[in-house]
Amino acid sequence: MPHLINNTTKAVFYFYCTKVLLYNLNINSIIKRTNMKTETQKNMKELELSQAFKLIEPGPVVLLTTAHKGKMNVMTMSWHMDIDFTPIIACVVSEGDYSFEAIRKTKQCVIAIPTVDMMKKVVDIGNCSGADMDKFKKFNLTPLPAQKVSAPLIAECLANIECRVIDTRLVNKYNLFILEGVKVWIDPKRKERRTFHAGGDGTFTVDGRTVDLKKRMTKWKDVI
Ligand SMILES: Cc1cc2nc3c(=O)[nH]c(=O)nc-3n(C[C@H](O)[C@H](O)[C@H](O)COP(=O)(O)O)c2cc1C
C-alpha cells in the first residue's frame, strides 16, 4: 500500500510539473509575441486589409523582402499589379534573383512601399544581389518583425504589406507569383508620402498633383 501511494503521489507530482512547464512556455511565447507586436506598432499603424489595394494600384516601385534559411533579403520590384481588392497582388520575381528561391520555398514575403527620399537607395538595391551581401546592413534598412509572415517589414518605408503566396501555377512559365496581403502597416508619422514609378529605362516619375474624381466613381463607391 505505501508503495502504491508513493507511485500515485509521484504521478500527480510529475503531472503538476508538466502543467507548470507548459503554462510557462505558453506565457513566454505570448510575451515574446506581444513584445514583437509592440516593436512594430511603435513605428507602424495597422491599416484595414480592404484598403491595401490602394497602395499598389498607382504602380509604385516597391521593395520585396524575404527571409529564408535564417537570412533576410530585399529586392526592388516594379512588375506588379492588383488583381483583386482583397488584396490579391500579382508580381514577377525573376528566377535569376536571389529572392526567387526564398519566395518560392517559404511562400511568404513583404511588399514595402518606399517614397521619393529613398529613390537612389531603392535603385541601388535593385542593382546588387543578396547572394553576395546583407542588403539590410549595406543600405541601412531597419527590419521590423511582421506578424503573419517570416519576412521582415522595413521601418524606413511608408507602408508594408505582409503577403502569402497563394498561387504558383504561373511561376514556371512567367516567374509570376500570386500573393494575398494578410496584414498591412502604414507609418502615420511620415511626412514624405510621395511614391515613384519606373519608366523602365532608369528614369522615374514622382507622384504629382492628385485629382479627386471620387464623386464620379458611382459604380465603385462600396469598395473605395
Ligand atoms: C527599378 C527597378 C525595378 C525592378 N523590378 C523588378 C521586378 O519587377 N522583378 C524582378 O524580378 N526584378 C526587378 N528588378 C531587378 C531586381 O531588383 C534585381 O535583379 C535585384 O538585384 C535582385 O536582388 P536579389 O538577387 O537580392 O534578389 C528591378 C530593379 C530595378 C532597379
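How many of the seven residues of E2 are buried? I counted five, so E2 is largely enclosed by the rest of the structure. For my own reference, buried means 20 or more other C-beta atoms within 10 Å of the residue's own, exposed means 12 or fewer, and partly exposed is in between, with C-beta atoms placed from the backbone.

**Ground rules.** I am working on a predicted model, where local features need pLDDT of at least 70, side-chain atom pairs count only at pLDDT 80 or more, and totals for chains, interfaces and linings use all residues. Residues are numbered from 1 along each chain as its sequence is written. Helices (H or I, at least four residues) and strands (E, at least two) are DSSP runs, numbered from the N terminus.

**Overview.** I found six helices and 12 strands in the protein. Of its 224 residues, 29% count as buried. I call two residues in contact if their C-beta atoms, placed from the backbone, lie within 7 Å. Of the contacts with a separation of 6 or more, 67% are between residues 24 or more positions apart.

**E2 and its partners.** Next I looked up pairing, which needs at least two DSSP bridges between two strands. E2 and E3 pair antiparallel over seven bridges, and Lys-71 in E3 is the bridge partner of His-68. Their hairpin has two residues between the strands, and Lys-69 takes a positive phi near 50° there. E2 is also joined to E6, antiparallel, by three bridges; Leu-63 has Ala-112 in E6 as its bridge partner.

**E6.** Six of the six residues of E6 are buried, so this strand too is largely enclosed by the rest of the structure. I checked the side-chain directions: Gln-108, Val-110 and Ala-112 point one way, while Cys-109, Ile-111 and Ile-113 point the other. E6 and E9 run antiparallel, joined by six bridges, and Gln-108 stands opposite Arg-164 in E9.

**Core.** A nonpolar core here is a set of buried Ala, Val, Leu, Ile, Met, Phe, Trp, Tyr and Cys residues joined through C-beta atoms within 7 Å. The largest one has 43 residues, and those with the most contacts inside it include Leu-63, Val-110, Ile-111 and Ala-112. I followed Ile-111 and, not counting residues up to four places away in sequence, got Val-62, Leu-64, Ile-89, Ile-161 and Cys-163 as its contacts.

**H3.** Which residues of H3 are buried? I get Ser-99, Ala-102 and Ile-103. Seen down the axis of H3, the buried residues fall within an arc of 90° (taken from the directions from the helix axis to the C-beta atoms), so they line one face of the helix. They pack against E2, E3, E6, E9 and E10. Lys-107 follows H3 and has a positive phi, near 60°.

The ligand is surrounded by 21 residues, and Trp-79, Tyr-98, Ser-99, Gly-126 and Gly-130 are the closest. E3 (71-77) and H3 (98-106) are the elements giving two or more residues to this shell, and E3 gives the most, with four.

Technical notes. Near = placed C-beta within 6 Å.
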